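The following note sets out some points to consider while reading the structure. Please keep the sequence and the model side by side.

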Amino acid sequence: MVMDSKALKLLGKERVCVLAVCMANGGCHGAAMHFSHQVDPLIIYIQTESTSIKCKNLPTKASVVVGFSEESMQTLQMDGDIRQITDLEEVYKIHYAKHPGAEKYKNDPTTVFLAFTPTWWRYSDYKNGVFLENK
């Protein structure tokens with residue numbers, strides 16, 4: 001998926017997202033999470049614990065929202081799929097470059113990484129009247 005450079009710039013600048021996953025009971029579970037990403041192909045990485053609610057129904061559909069500043073008024077909304085991944089060497093490099101403090105959990109047996117792959121996105125810059133969306 002190709003994402004506009006304005007949206008990619010926001011992903012590079014921000015460190016926190018809201019992740020919402022679909023649950024087996026038909027409900028949703030949302031959490032504020034640190035994230036990292038790779039551009040090509042676009043994948044959002046999230047480090048969490050295997051015991052967390054968000055890991056109970058993987059793989060599943062999910063949504064991610066980035067951008068919470070009332071000053072910049074920029075957001076990126078994405079829908080897609082999320083799964084747990086086990087091939088982690090490149091992910092470690094990407095994630096711990098952005099979140100070096102998280103590396104202390106790397107060898108914890110409950111630490112897992114999730115990969116979110118967007119299938120739809122919408123970038124909004126309310127200050128400048130810019131609204132972009134993949135179709």
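**Notes on the predicted model**

1. Overall dimensions. This is a predicted model. A compact globule of 135 residues would have a radius of gyration near 14 Å, and the chain has 15 Å, which agrees with that expectation. Taken along the principal axes, the box filled by the C-alpha atoms is roughly 45 × 35 × 25 Å.

2. Secondary structure. The chain contains 2 helices and 8 strands. Read from the N terminus, the order of the elements is α-β-β-β-β-β-β-α-β-β.

3. Contacts along the sequence. Consider the contacts between residues at least 6 apart in sequence: 66% of them join residues at least 24 apart.

4. Surface and burial. Of the 135 residues in the chain, 42% are buried. The accessible surface comes to about 7500 Å², and carbon and sulfur atoms account for 52% of this area.

5. Charge. There are 15 positive and 15 negative side chains in the chain. The centres of these two sets lie 2 Å apart.

6. The largest nonpolar core. This core has 26 residues, and those with the most contacts inside it are Met3, Leu11, Leu19, Ile46, Val66, Leu76 and Met78. At least two core residues come from each of α1 (5–13), β1 (16–22), β2 (28–34), β4 (43–49), β5 (60–66), β6 (74–85) and β7 (111–125). Strand β7 provides the largest share, with 5 residues.

7. Leucine 19. Which residues does leucine 19 touch, leaving aside those up to four places away in sequence? Its partners are His29, Gly30, Ala31, Met33, Ile46, Lys54, Ala62, Ser63, Val64, Ile82 and Leu114.

8. Phenylalanine 116. This residue is located in strand β7. Is phenylalanine 116 buried or exposed? Phenylalanine 116 counts as buried because its relative accessibility is 0%, and the limit for the buried class is under 20%.

9. Neighbours of phenylalanine 116. Not counting residues up to four places away in sequence, phenylalanine 116 touches Leu42, Ile43, Ile44, Ala62, Ser63, Val64, Met78, Asp79, Gly80, Asp81 and Ile82.

How values were computed
Residues numbered from 1 in each chain as written. Predicted model: local features only at pLDDT ≥ 70, side-chain atom pairs only at ≥ 80, totals over all residues. Heavy atoms only, no water. Helix = DSSP H or I, 4+ residues; strand = E, 2+ residues; numbered from the N terminus. Rg over C-alpha atoms; globule rule 2.2 N^0.38 Å. Buried < 20%, exposed > 50% of the residue type's maximum accessible area, 1.4 Å probe, protein only. Contact = heavy atoms within 4.5 Å. Areas by Shrake-Rupley, 256 points an atom, 1.4 Å probe, with all protein chains shown as cover. Lys, Arg positive; Asp, Glu negative; His and termini not counted. Charge placed at Lys NZ, Arg CZ, Asp CG, Glu CD. Core = buried A, V, L, I, M, F, W, Y, C linked by side-chain atoms within 4.5 Å.
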